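Below is a short report on one protein chain.

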Amino acid sequence: MGNVKKQLQDYYDRVVQLDGLEQQLEMADDVSQLKRFINYKMKPKHQSDKNWCDAIATEIWNDHWSKYNDVSY
């Protein structure tokens, strides 16, 4: 299991270093646009790689926009 975790972390590191990721994150209307951008840039060869791209995009999206969501009532 440690090997898979390391591979995912390496993949995550490659994704967050993509040129234009921050701009796309700010411009995207929803997470699907960010997923398309990351998949286009990473060009995954296998479905598992695409799943990783999608999961990373969702994590980045949620982390970024959670700062702007006011949950206080």
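## Overall fold

What share of the 73 residues in the protein chain is buried? Buried residues make up 27% of them. The model is predicted, and every value here is computed from it.

The chain holds 4 helices and 0 strands. Along the sequence the pattern reads α-α-α-α. The C-alpha atoms fill a box of roughly 40 × 25 × 20 Å along the principal axes. Take the contacts with a separation of 6 or more: 55% of them join residues 24 or more positions apart.

## The nonpolar core

The largest nonpolar core has 15 residues. Val 15, Leu 21, Leu 34, Ile 38, Met 42 and Ile 60 have the most contacts inside it. The elements giving two or more residues to this core are α1 (2-16), α2 (21-27), α3 and α4. Which of them gives the most? It is α4, with 5 residues.

Ile 60 touches Tyr 12, Val 15, Val 16, Leu 21, Leu 25 and Leu 34, leaving out residues up to four places away in sequence. Leu 21 sits in helix α2. Leu 21 has a relative accessible area of 4%, so it is buried, the cut-off being under 20%. With residues up to four places away again left out, Leu 21 touches Val 15, Val 16, Leu 34, Phe 37, Ile 38 and Ile 60. The C-alpha atoms of Leu 21 and Ile 38 are separated by 7.8 Å, and the two residues are 17 apart along the chain.

## Helix α3 against helix α4

Helix α3 covers residues 31-42 and helix α4 covers residues 47-66. The two pack at an angle of about 135 degrees, with their axes 9 Å apart. The crossing of α3 past α4 is right-handed.

On the α3 side, the contact is made by Val 31, Leu 34, Lys 35, Ile 38, Asn 39 and Met 42. On the α4 side, the residues are Lys 50, Cys 53, Asp 54, Ala 57, Thr 58, Ile 60 and Trp 61. The residues of this contact divide into 8 nonpolar, 2 polar and 3 charged.

## Helix α1 against helix α4

Helix α1 also packs on α4, here at an angle of about 65 degrees with the axes 10 Å apart. α1 passes α4 in a right-handed crossing. From α1 come Val 4, Gln 7, Leu 8, Tyr 11, Tyr 12, Val 15 and Val 16. From α4 come Asp 49, Trp 52, Cys 53, Ile 56, Glu 59 and Ile 60. Sorted by type, the residues of this contact are 10 nonpolar, 1 polar and 2 charged.

Is Asn 39 buried or exposed? Asn 39 lies in helix α3. Its relative accessible area is 13%, under the 20% cut-off, so Asn 39 is buried. Residues up to four places away aside, Asn 39 touches Pro 44, Lys 50, Cys 53 and Asp 54.

Trp 65 lies in helix α4. At 25% relative accessibility, Trp 65 counts as partly exposed. Which residues does Trp 65 contact, leaving aside neighbours within four places in sequence? They are Leu 25 and Glu 26. Trp 65 and Leu 25 are 40 residues apart along the chain, and their C-alpha atoms are separated by 9.3 Å.

## The loop between α3 and α4

Lys 43 lies in the loop between α3 and α4. Lys 43 has a positive phi of about 50 degrees, although it is not a glycine. With a relative accessible area of 52%, Lys 43 is exposed.

Lys 45 is also placed in the loop between α3 and α4. Its relative accessible area is 75%, over the 50% cut-off, so Lys 45 counts as exposed. Lys 45 and Asn 62 are 17 residues apart along the chain, with their C-alpha atoms separated by 25 Å.

Notes:
Residues numbered from 1 in each chain as written. Predicted model: local features only at pLDDT ≥ 70, side-chain atom pairs only at ≥ 80, totals over all residues. Heavy atoms only, no water. Axes fitted to C-alpha atoms, helices over the stretch in contact; angles between N-to-C directions. Left-handed = near helix turned anticlockwise from the far one by under 90°. Contact = heavy atoms within 4.5 Å. Nonpolar A, V, L, I, M, F, W, Y, C, P; charged D, E, K, R; others polar. Core = buried A, V, L, I, M, F, W, Y, C linked by side-chain atoms within 4.5 Å. Buried < 20%, exposed > 50% of the residue type's maximum accessible area, 1.4 Å probe, protein only.
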